[in-house]
Amino acid sequence: MLTQRLLLSDRGGMLVLGLVLLTTIIVPILNLAVPTDSPLYVSNFTVGLLGKFLCFALLALSVDLIWGYAGILSLGHGAFFSLGGYAMGMYLMRQIGDRGVYGHPELMDFMVVLNWESLPWYWQGFDMFWFAMLMVLLVPGLLALVFGWLAFRSRVTGVYFAIITQALTYALMLAFFRNEMGFGGNNGLNDFKEILGFDLAAKTTRVGLFVASSIALILGYMACRYIVTSRMGRVIIAIRDAESRTRFSGYQVESYKLWLFVFSAMLAAVAGALYVPQVGIINPGEFSPLNSIEMVVWVATGGRGTLFGAIVGAFSVNYAKTFFTTFSPETWLFILGGLFVLVTLLLPKGIVGLFDRFSRKGDKQ
Amino acid sequence: MNSICRLTPRHAVQQWLTRLLLLCVCSLPLHASAQEAEPAPAQPTFDELVSQLATGNLRQRAATVEQLATHQDERLADILNALVAGDLLASKDKPPVIAIRSGDQLTNALDGSDLTGAAGLRRIPVNNSLRTQLRGMVAQLNLTHPNSDKRYDAVQRFIRDGVDGETAALLRERQPTEGSGRVSDAIDAALALFDLQTGDRDQRMAAIDTLSGSLEQEARNALRSVAENDEDAELRSAAAKAIESIQGRIEFYRFIENVFFGLSLGSILLLAAIGLAITFGVMGVINMAHGELIMIGAYTTWGIQVLFPDLIEWSLLIAIPAAFLITALVGIAIERGVIRFLYGRPLETLLATFGLSLVLQQAVRTLFSPLNRSVTSPEWISGTLSINPVLSITYTRLYILLFGLAVFFALLLVMKRTTLGLKVRAVSQNRAMARAVGVRSNWIDALTFGLGSGIAGVAGVALSQITNVGPNLGQAYIIDSFMVVVFGGVGNLWGTLVSAMSLGLINNFLEPWAGAMLAKVLVLIMLILFIQKKPKGLFPQKGRAAAD
């Protein structure tokens, strides 16, 4: 019954997940077992890049869940992603121990520079992995809970919600830029050494993180799929299509939206937590409103309201970004900007919708 | 010979000079025309005398300086000031080029032309006795200068450098003839400072009384030293009381200054947001490219200055209509090209216009450069208006405040009193009905969007005077502008005014104790909480128009 619901009725999703799974198996083999001079060899750079894309895909999934299914456009999902990343970054910083530039056994380098005497209270406990992972989920989850509760309770919807979420991430960006906040200010957290005792520079650790991201994506997809096909999911779609009517039918519209929003925020945070050890840095720039809005474009380009479309979008837009920023950086913003306009004007259902149009088998909501 | 009893030769010279100069001031027009009509052959001209400064020994130079003093020439004060400070340079040519140095800049002392970078200029040497002579002359020259600002500065300089018997005498002599109240007050303060140090008890009492009305730092210092160290208890308490009253007034002026800065910041927000109040507030279109329209306006100002380098003074006045036209056209193009296909789909409009903003930014980066462009401020807009020693206001901010209000009221007039405004309001309230009575709603949409965009461009002209003109200019304002419109209540121009001003004030009063960045964060958090409480803003629209 559950397999029927989650897997079989979702052909597009299965295709995309199958590809993800295939990559997860093949790429580590080609990276670790094949000699470096072989044409089949997958470079470390590619592994890192694909790992990053997997995190972005998970992030896009979280955006699609609330935008595509509940019609809540959040322009501040980068905030949850970055908070998750910062929580992971704090764990990684604590792992550095006395190997920092100043060799202080407890304080981070930037704290030594600021002449701090002791570790601030909010850095306590982050030397334990389980605690850090708990914070990865709890901090963004709580922020989403409070923010969402305030917003949905007073029925802030549509563009107003979009704008205040954008203001939220903007405010957080400004706050994290401050040195006094104790998160490294402008430079953020970087220069990580190891995770769970594994050297972050080692090939096997990188592949391990890549596989972890891929598993997180698959599990995240399953969870989202489970939610949208459940009874709750149907109510959520009803809210998207006719909010007032759903409310008058006796559903607690606010709580549905709130829980979905919190879940989505946590999903974004997990993506952030997996992203940081792979790129080796987290700084306040991740909070910038432009990043958050880019995520929305991944979803729009892939096709909103399909979940697997978000994965397709995240991969294709980010691949294009990598390609253009190395090939001709000048054109990238033209292309990204053009994508915004063209997708909204001409491709409201995204790339996935394009395939549907050709195969004429649309079985979408 | 009133208060001066000991007449040294130098004093005699000084007084003679003062007399002479006063005479010159009184007979200035007559004197000038006489000079034009029949140049006295025996008398060397001012320019010749200045050239002579560079030659000869120190004694000859002293004589030249005395001769110079007989000339009523507005360049004299600057030249003598530079000579005292050792900033007067001369070349070895015949006749020598005389230049005034200020910082790294060199200007020709006679014709004012720019000599920066010129080689071979040597300092004209002065010794101590010449310096003393010059100081006295400069002080007198400035004290009797026809421009009251110059006189005020001179008195201020006395107050700063400390008033001695000599200057006190000079000031006492000047006092009865001084016409400007501001200068006269400053002279009072300077004399009181002198009396406080040297006078008898009654004079000192009177001096404390006078000084309690002065806002000079020196007055406070002098009073403080009396309040702390003086032997006379009564004088001490009087001085303490005077300091208290001064502090109270300083607090008051600080407050006024804060209010002004707050309003000035508010007017900047108002300018940035007011175009949005039309496109977002009245039409309901989320235009994320609004910031880039402001940027285009700012670049237009730069463009005008590059195209017409001779008209810098007029550049802003030319740029205002030019920026309005250009951005309005860009706006109409955006509306016709993209937005009109997306009416009724606000989230898609948001995304598409955001894409446009990226394209516009990158276009500017590619066309001009990613670096900031420098926009020159015309003379009339720079400088400060100093009301008293504690309170001074820069003209730029003052003009922007006035300009913001002017734009606001002009827009209000357009919306309430013109046919276009009527049609715009009709379409925004009930499109179908407006069409039914013959309003071309498509046309009105384009024009309204053009109007909002044009105002963004005009805002850009103003902003070019206070921020860096670069491709990221717009981004810095877009979130703030939306906040202003949402806070004020969508579709309400007055709400936009009130919210811009109050946000500016709140931000400015938070800044001193929270720091610039945290103040901004706090304001954003406050706004987010405020929107929870009143989702429709300070002044929500009422009635049928308010329905979604």
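Arg155(A) is found in the loop between α6 (129–153) and α7 (158–177) of chain A. Helices here are DSSP runs of H or I with at least four residues, strands are runs of E with at least two, and both are numbered from the N terminus. This is a predicted model, in which local features need pLDDT of at least 70, side-chain atom pairs count only at pLDDT 80 or more, and totals for chains, interfaces and linings use all residues. Residues are numbered from 1 along each chain as its sequence is written, while chains are lettered from A and ligands numbered from 1 in the order in which they are written.

Stay with Arg155(A) for a moment. Its phi is positive, about 55°, although Arg155(A) is not a glycine. Most residues other than glycine have a negative phi. Arg155(A) counts as partly exposed, because it has 14 C-beta neighbours inside 10 Å. The scale is simple: a residue is buried if 20 or more other C-beta atoms lie within 10 Å of its own, exposed if 12 or fewer, and partly exposed in between, with C-beta atoms placed from the backbone.

Leu307(A) also has a positive phi, near 65°, and is not a glycine either. Leu307(A) sits in the loop between α12 (289–302) and α13 of chain A. Is Leu307(A) buried or exposed? It is buried, since 28 other C-beta atoms lie within 10 Å.

Now take helix α13 of chain A itself, residues 308–327. It packs with helix α2 of chain A, residues 11–32. The angle is about 40°, and the axes are 9 Å apart. Axes are lines fitted to C-alpha atoms, for helices over the stretch in contact, and angles run from 0 to 180 degrees between N-to-C directions. The two helices are therefore oblique to each other. Angles under 35 degrees count as roughly parallel, over 145 as roughly antiparallel, 65 to 115 as roughly perpendicular, and the rest as oblique.

Which residues meet there? From α2(A) come Gly12(A), Gly13(A) and Val16(A). They meet Phe308(A), Ile311(A) and Val312(A) in α13(A). Two residues are in contact if their C-beta atoms, placed from the backbone, lie within 7 Å. The residues of this contact divide into four nonpolar, two polar and no charged. Ala, Val, Leu, Ile, Met, Phe, Trp, Tyr, Cys and Pro count as nonpolar, Asp, Glu, Lys and Arg as charged, and the others, Gly among them, as polar.

Leu50(A) lies in helix α3 (residues 44–70) of chain A. Leu50(A) is buried, with 21 other C-beta atoms within 10 Å. Leaving aside residues up to four places away in sequence, it touches Thr23(A), Val27(A) and Phe210(A). The C-alpha atoms of Leu50(A) and Phe315(A) are separated by 8.7 Å, yet the two residues are 265 apart along the chain.

Step back to the whole of chain A. Its secondary structure comes to 15 helices and four strands. Buried residues make up 45% of its 365 residues. Among its contacts between residues at least 6 apart in sequence, 77% join residues at least 24 apart. The C-alpha trace spans about 60 × 55 × 45 Å along its principal axes.

Chain B has an open sheet of four strands. The order is β3-β2-β1-β4, with antiparallel pairing. Two strands pair if DSSP finds at least two bridges between them. The edge strands are β3 (105–108) and β4 (122–123), and each pairs on one side only. Four bridges join β2(B), residues 98–102, to β3(B). Ala99(B) has Asn108(B) as its bridge partner, and Arg101(B) stands opposite Leu106(B). β2(B) and β3(B) form a hairpin with two residues between them. In the turn, Gly103(B) has a positive phi of about 65°.

Helix α12 of chain B, residues 233–282, holds Leu263(B). Leu263(B) counts as buried, with 21 C-beta neighbours inside 10 Å. Not counting residues up to four places away in sequence, it touches Leu401(B), Met501(B), Gly504(B) and Leu505(B).

Finally, the chains meet. How many residues of chain B are in contact with chain A? There are 34, and they contact 36 residues of chain A. On the side of chain B that touches chain A, α15 (346–367), α20 (473–488) and α22 (516–533) of chain B each supply at least two residues. The largest share, 14 residues, comes from α15(B). The residues of this side divide into 26 nonpolar, five polar and three charged.
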